[in-house]
Amino acid sequence: IPADSARFVQRLASDLATTRSRDVLVFVHGFNVSFEDAAVRAAQVAADMSFDGSVVIFSWPSAASVTSYVRDLQAARNAGYHLLRLVRSIVPAAAADRVHLLAHSMGSEVVGKAAALVTPADSAARFAQVVLAAPDIDARVFRRELLPVLRAHSQRVTLYASSDDDALRASRAVSGIWRLGLGGDSLTVVDGLDTIDATRVRADALGHTLFGNSSFLADLSLVIGEGRPPAERRLLAVRRGDLTFWRFRGDSR
């Protein structure tokens, strides 16, 4: 491990020693987010979930500008190698009991690239929970190429999607490709993925950021903090053919 990484591991190990769970939550921010904003968001989410563990922010070089979508997209994909290095060798060196991964929006592109770089013989760290919140990534590529890798390296993969997400609608208009975080008739429901329709959950003005909603945070806490499956949470089961997806109960606005 390089010297700078060794110091990081020492600090993380020391921090874990003060926790009961010895869990690590790796947070990957999305498009148009500065390092400072990512740090505040990660700290707020951990506090609101009463997360008993250590939080690691994976900050990729977003331009933090709403006009820099294409630039951010390339930067997110370029960062995938570094996320894989973090979760494959650096975080495990701190001897955490469990590692969780939470990616928001374009942060899913970072996760996707990291997953694409995993080889069958890779010793990448196993995650307890992988959570993708409003993921801005090609839904078809995710189903075909990325989900099998994430499933092989985690206990559970959870998707939060919404049909009222204007930011992802704009992304779809730019790319011409359905985004994983969009709901509606084309909501991604596949075996091995816990799909949660969060359309009823009040988000920000664009319907894209759920981290300020208490219903969402309560559910997220049950996923990451307790590892509960959807059937053991306050969610409604909805059948689609032979598969099931889930909705929040009532109006969470």
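**Pockets, sheet and loops**

Helix 2 (35-48) and helix 7 (166-175) each supply at least two residues to the lining of the largest pocket. The model here is predicted: local features need pLDDT of at least 70, side-chain atom pairs count only at pLDDT 80 or more, and totals for chains, interfaces and linings use all residues. Residues are numbered from 1 along each chain as its sequence is written, and side-chain values use heavy atoms, with hydrogens and water left out. Helices (H or I, at least four residues) and strands (E, at least two) are DSSP runs, numbered from the N terminus.

Stay with that pocket. The volume of the largest pocket is about 540 Å³. Its lining counts 25 residues, and F31, N32, A167, L206 and H208 lie nearest the centre. A pocket is an open set of points on a 1 Å grid over the protein atoms alone, with protein on both sides within 12 Å along at least five of seven lines; a cavity is a set where a 1.4 Å probe fits but cannot get out; lining residues have an atom within 4 Å of a point. Points are joined across faces, edges and corners, and a volume is the space filled by probe spheres set on them. By class, twelve residues of the largest pocket's lining are nonpolar, nine are polar and four are charged. Here Ala, Val, Leu, Ile, Met, Phe, Trp, Tyr, Cys and Pro count as nonpolar, Asp, Glu, Lys and Arg as charged, and the others, Gly among them, as polar.

Now turn to the second largest pocket. This one holds about 430 Å³ of space. It is lined by 15 residues, and F8, V56, I57, L86 and I90 are the closest to its centre. Helix 1 (3-16), strand 2 (53-58) and helix 4 (80-90) each give at least two residues to this lining. Helix 1 has the largest share, with six residues. The lining of the second largest pocket splits into eight nonpolar, three polar and four charged residues.

Helix 1 also carries R11. R11 counts as exposed because its relative accessibility is 68%. The cut-offs are simple: buried means under 20% relative accessible area, exposed over 50%, and partly exposed in between (1.4 Å probe, protein chains only). R11 and A94 lie 83 residues apart in sequence, yet their C-alpha atoms are 8.6 Å apart in space.

Follow the chain past helix 1. T19 sits in the loop between helix 1 and strand 1 (23-28). T19 counts as buried because its relative accessibility is 14%. Its side chain reaches the backbone oxygen of L16 at 2.8 Å. A polar atom of that T19 side chain also lies 3.1 Å from the backbone nitrogen of R22. Such polar contacts are pairs of N or O atoms within 3.5 Å; within protein, one must be able to donate a hydrogen and the other to accept it, and residues adjacent in sequence count only if both atoms are side-chain atoms.

Eight strands form an open sheet with mixed pairing, in the order 2-1-3-4-5-6-8-7. Strand 2 and strand 7 (235-240) stand at the edges with a single partner strand each, so one side of each has no neighbour in the sheet. Two strands pair if DSSP finds at least two bridges between them.

Look at strand 3 (residues 98-104). Six of its seven residues are buried. Strand 3 runs parallel to strand 1, and six bridges join the two. In one of these pairs, V28 has A103 of strand 3 as its bridge partner. Strand 3 also runs parallel to strand 4 (residues 127-133), with four bridges between them. There A103 stands opposite L132.

Further along the sheet, strand 5 (residues 154-161) and strand 6 (residues 194-197) run parallel, joined by four bridges. A161 has D197 in strand 6 as its bridge partner.

The structure holds two cavities of 30 Å³ or more.

Finish at helix 8 (residues 214-224). Eight of its eleven residues are buried, so helix 8 is largely enclosed by the rest of the structure. The buried residues are F216, L217, D219, L220, S221, L222, V223 and I224. N213 caps the N-terminal end of helix 8, with a side-chain oxygen 2.8 Å from the backbone nitrogen of S215.
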